[in-house]
Amino acid sequence: IRCWSNIPFITMPLSRAHGKSFAHRSELKHAKRIVVKLGSAVVTRGDECGLALGRLASIVEQVSMLQNQGREMMIVTSGAVAFGKQRLRHEILLSQSVRQALHSGQSQLKDVAIPVLEARACAAAGQSGLMALYEAMFTQYSICAAQILVTNLDFHDEQKRRNLNGTLHELLRMNIVPIINTNDAVVPPPEPNSDLQGVNVISVKDNDSLAARLAVEMKTDLLIVLSDVEGLFDSPPGSDDAKLIDIFYPGDQQSVTFGTKSRVGMGGMEAKVKAALWALQGGTSVVIANGTHPKISGHVITDIVEGKKVGTFFSEVKPAGPTVEQQGEMARVGGRALAALQPEQRAEIIYRLAELLTDQREEILLANKKDLEDAENKGRLALPLLKRLSLSTSKLNSLAIGLRQIAVSSKDSVGRVIRRTRIAKDLDLEQVTVPIGVLLVIFESRPDCLPQVSALAIASGNGLLLKGGKEAAHSNQILHHLTQEALSIHGVKDAAQLVNTREEVEDLCRLDKLIDLIIPRGSSQLVRNIQRAAKGIPVMGHSEGICHVYVDTDASVEKVTRIIRDSKCEYPAACNALETLLIHRDLLRTPLFDQIIDMLRVEQVKIHAGPKFASYLTFSPSEVKSLRTEYGDLECCIEVVDGVQEAVEHIHKYGSSHTDVIITENEKTAEFFLQHVDSACVFWNASTRFSDGYRFGLGAEVGISTSRIHARGPVGIEGLLTTKWLLRGDNHVVSDFSDHGSMKYLHESLPLPQQNTS
């Protein structure tokens with residue numbers, strides 16, 4: 001039972017046809033009826049005398065977009081007082097200046113004092129102008145708007161309440177956007193502590209409580225409360241330890257310290273939270289977000305409806321496990337504890353994980369079988385992705401071998417001194433390797449990626465957040481469990497976290513305070529999406545694997561077909577598979593060229609002709625649509641070049657700086673190619689498929705990077721480390737090294753300490 005007032009007929013809560021509020025952000029896209037509450041700080045300018053027209057126009061555009069999608073939008077708006085204050089100030093200035101001029105007979109005016117303007121008078125003067133502005137803006141989108149002014153008494157009178165309810169429903173039926181505001185021209189002054197009397201009684205004192213009441217009264221799916229702060233913080237915004245609360249649950253308010261209210265308006269954050277919780281109990285989902293930030297205000301409403309992580313989402317459903325923010329903190333703390341271990345202890349963890357992969361082989365394969373059956377039944381994965389999803393005994397054995405290689409190489413990773421310099425007497429400087437911090441690794445369809453990446457993170461002392469595809473959920477779960485079991489032998493279980501919540505990848509990419517590096521493992525589309533979504537977090541990886549093989553005139557007949565077949569056909573879905581075959585012009589219509597074509601046909605490789613190659617043929621294969629194509633299947637492009645120089649130029653123009661190969665017996669030509677091709681991996685007489693961390697002897701890789709800073713090519717342990725500087729002195733100060741000081745810089749290079757090479 002909910003008591004809205006002392007009127008008996010509304011002591012029972014209204015039934016909601018659509019049931020309870022949404023449990024997760026991802027469900028907000030299903031919201032049909034939405035109330036958008038615009039706080040005074042959102043609608044008004046910084047000087048509080050006038051409206052923020054650009055911001056208001058952006059909000060109207062978003063509301064119109066959602067309305068035109070078939071949703072039912074309502075706006076609860078502030079701003080009448082501010083708009084009226086602007087008009088009245090102008091009228092008073094004009095009136096007083098005219099009287100002063102008539103009285104003094106002089107054209108020069110003195111400063112005019114503006115009297116304190118009463119809020120109700122300002123509201124009366126501003127309401128018509130505010131509504132006219134809304135009408136003009138909505139007209140641009142062929143949408144009609146209607147104004148409704150209410151007071152608290154309207155909810156206490158049965159007939160008025162029914163009339164209000166009927167009016168709103170009729171407006172929504174006619175596709176009209178109701179714009180609702182408290183009638184501040186007649187509303188009585190606010191009474192102390194009468195904003196919200198607990199959770200079960202709500203009075204309309206301000207637009208927060210009005211919006212909550214209307215949302216429940218109209219059985220609204222979603223209430224969006226826009227203010228001048230990002231959402232709800234665990235302590236007053238601006239304080240050192242304040243953290244934005246992503247999801248707020250009933251009962252959590254005891255752990256929150258509220259700050260002062262906004263610069264304008266009647267209610268503060270405490271009032272917003274109470275109103276939000278009241279609406280939530282009535283079955284309406286609530287999000288409190290910032291409607292004033294210039295970078296997000298242009299899409300804040302649509303982002304919320306799309307389920308993006310914006311502001312604070314109020315939910316009655318508490319997840320069973322930790323939030324992703326909590327997991328990020330756990331990974332940070334666990335990673336630091338991991339980095340503090342001795343190298344031998346980190347190696348022991350990796351050895352233990354390798355053992356578990358073979359000891360628990362049956363359980364792993366059983367979980368993987370469930371994933372494969374689910375994928376096949378739903379038919380959502382193409383054959384190449386099904387192959388990536390599949391685990392086998394041989395794959396697990398290969399993984400265990402790779403992990404043992406990582407364990408061996410991990411013993412001289414963290415804390416390795418790479419430079420020593422004597423700055424001055426008794427002042428020595430060292431540069432040492434340290435972990436990057438917390439890694440977010442996002443991978444698709446490849447459960448074998450999880451133990452590989454985990455081992456590399458353990459070896460390099462990094463905390464780890466893992467986000468796998470839902471198609472490999474069972475496999476990832478057991479592999480992560482085994483990883484944490486291995487970490488537990490030295491008490492650092494929390495260093496590796498598997499994200500199982502409904503967080504979208506785009507939302508994870510915004511956690512710049514928790515994540516230091518993002519490593520995507522998957523399709524080129526996934527990598528591109530992450531690179532676009534990452535805000536302030538570096539992304540290591542490559543968006544495309546457009547790999548070339550150039551066949552020179554001096555190529556060996558025996559080597560050509562073997563290398564091309566392996567590069568293209570051994571695993572065509574891999575990022576290091578051949579996509580474009582460059583042929584020297586003099587090889588056309590030769591037995592070698594015929595052998596290449598025959599081999600590709602036998603392997604059922606579909607050939608696309610480049611523009612130059614097509615010009616040599618009377619009947620050519622289908623001409624390529626783009627020379628920048630990553631096929632990821634048994635397809636490739638063939639193009640003709642005049643020599644090694646043109647091959648290099650073609651690779652630079654159309655390649656992705658991943659892996660490129662020359663096949664030739666001419667050492668001079670080969671060296672020219674090796675030195676001039678600007679890619680992460682450049683090979684001579686070897687398959688493109690060698691571009692791999694395991695094959696390079698790195699044990700495994702977190703991915704292949706085409707970036708030009710930090711790490712490039714297959715990224716193993718070294719690519720997951722950065723450095724810091726350690727300076728050891730004895731009462732040294734910079735002033736001692738001035739022209740008249742007693743100290744001189746030496747800058748002598750010192751020998752590095754002997755490394756453990758066992």
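This report covers the pockets, cavities and aromatic pairs of a predicted model.

Local features need pLDDT of at least 70 and side-chain atom pairs count only at pLDDT 80 or more, while totals for chains, interfaces and linings use all residues. Residues are numbered from 1 along each chain as its sequence is written, and side-chain values use heavy atoms, with hydrogens and water left out.

**Pockets and cavities**

Lining residues have an atom within 4 Å of a point. Grid points are joined across faces, edges and corners, and a volume is the space filled by probe spheres set on the points.

| Space | Volume | Lining by class |
|---|---|---|
| Largest pocket | about 1,600 Å³ | 14 nonpolar, eight polar, 19 charged |
| Second largest pocket | about 1,200 Å³ | 15 nonpolar, 17 polar, 12 charged |
| Largest cavity | about 50 Å³ | five nonpolar, three polar, no charged |
| Second largest cavity | about 40 Å³ | seven nonpolar, two polar, no charged |

In these classes Ala, Val, Leu, Ile, Met, Phe, Trp, Tyr, Cys and Pro count as nonpolar, Asp, Glu, Lys and Arg as charged, and the others, Gly among them, as polar.

The largest pocket is lined by 41 residues, and Leu244, Lys309, Glu325, Arg510 and Leu511 are the closest to its centre. Helices (H or I, at least four residues) and strands (E, at least two) are DSSP runs numbered from the N terminus. Among the elements giving two or more residues to this lining are β9 (285-290) and α18 (524-533); α10 gives the most, with three. At least three lining residues come from each of domain 1 (25-91 + 118-187 + 201-314) and domain 2 (324-411 + 433-533). Domain bounds come from an automatic or database domain assignment.

For the second largest pocket there are 44 lining residues, with Arg388, Arg446, Tyr571, Ala574 and Arg689 nearest its centre. Helix α14 gives the most to this lining, six residues. Domain 2 and domain 3 (547-701) both contribute, so the second largest pocket lies between them.

Two cavities of 30 Å³ or more are counted. Residues lining the largest cavity include Thr77, Tyr134 and Asn181, and α4 gives the most, with three residues. In the second largest cavity, helix α15 (residues 449-460) supplies the largest share of the lining, three residues.

**Aromatic pairs**

Rings of Phe, Tyr and Trp (its six-membered ring) pair if their centres lie within 6.5 Å; planes under 30 degrees apart count as stacked, over 60 as edge-to-face and the rest as tilted. The count comes to five aromatic pairs. In one of them, Phe593 and Phe613, the ring centres are 5.9 Å apart and the planes at 70 degrees, so the pair is edge-to-face. Phe593 lies in helix α20 (residues 591-602) and Phe613 in helix α21 (residues 611-615), so the pair ties together parts 20 residues apart in sequence.

Buried means under 20% relative accessible area, exposed over 50%, and partly exposed in between (1.4 Å probe, protein chains only). Phe593 is buried at 10%, and Phe613 is buried at 3%. The rings of Phe737 and Tyr745 have centres 4.4 Å apart and planes at 20 degrees, so this pair is stacked. Phe737 is buried at 13%, whereas Tyr745 is partly exposed at 45%.

Terms used
1 Å grid on protein atoms, 1.4 Å probe; cavity = no way out; pocket = protein on both sides within 12 Å on 5 of 7 lines; lining within 4 Å.
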